[in-house]
Amino acid sequence: MLFSKEYVGYLAREVTKKLVAAEMIETTSVAAVTERVNAAMLEELSLEDRINDEVRAILEQYSDEMRQSGASYQEMFKKVKNELVRKYKAVL
């Protein structure tokens, strides 16, 4: 993940504070909203990590073929990752 979990927690607290202060949301429990915002942000920010793990698993299956054909791991990684990003309609 690009950011540490502590920083994401800080961002979640700040976003929640600003939303409450601007009266864009009402809540009786700011802590509960902060926790949900934190979870949503962590989920979204870890998407690229999950995609990278899936790309590695796919390339591991085809490692022999890639070696035989002389395909570059980095180039294949980019291609497979781009396909998965399109498949999941992700924005990275």
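**Figure 1. Lining of the largest pocket in the predicted model**. M1, L2, F3, E44, L45, L47, E48, D49, V91 and L92 line the largest pocket. On a 1 Å grid over the protein atoms alone, a pocket is an open set of points where a 1.4 Å probe fits, with protein on both sides within 12 Å along at least five of seven lines, and lining residues have an atom within 4 Å of a point. The volume of the largest pocket is about 180 Å³, taken as the space filled by probe spheres set on the points, which are joined across faces, edges and corners. By class, the lining has seven nonpolar, no polar and three charged residues (Ala, Val, Leu, Ile, Met, Phe, Trp, Tyr, Cys and Pro count as nonpolar, Asp, Glu, Lys and Arg as charged, and the others, Gly among them, as polar). Helices α2 and α3 (47–61) each supply at least two lining residues, and the largest share, three residues, comes from α3. Helices are DSSP runs (H or I, at least four residues) numbered from the N terminus. Residues are numbered from 1 along each chain as its sequence is written, and side-chain values use heavy atoms, without hydrogens and water. In this predicted model, local features need pLDDT of at least 70 and side-chain atom pairs count only at pLDDT 80 or more, whereas totals for chains, interfaces and linings use all residues.

**Figure 2. Packing of α2 against α3**. The axes of α2 and α3 lie 4 Å apart at an angle of about 35°; axes are lines fitted to C-alpha atoms over the stretch in contact, and angles run from 0 to 180 degrees between N-to-C directions. E43, E44 and L45 of α2 meet L47, E48 and R50 of α3, contact meaning heavy atoms within 4.5 Å. This contact comprises two nonpolar, no polar and four charged residues.

**Figure 3. Packing of α1 against α2**. Helix α1 (residues 5–21) packs on helix α2 (residues 30–45) at about 130°, with the axes 8 Å apart. From α1, the contact residues include V8, L11, A12 and V15, and from α2 they include V33, V37, M41 and L45. The contact divides into 10 nonpolar, four polar and two charged residues.

**Figure 4. Packing of α3 against α5**. Helix α5 (residues 73–88) packs with α3 at an angle of about 125°, the axes being 9 Å apart. Accordingly, α3 and α5 are oblique to each other. Among the residues in contact are I51, V55, I58 and L59 of α3, and F77, V80, L84 and Y88 of α5. By class, 11 nonpolar, one polar and five charged residues form this contact.

Technical notes. Angles under 35 degrees count as roughly parallel, over 145 as roughly antiparallel, 65 to 115 as roughly perpendicular and the rest as oblique.
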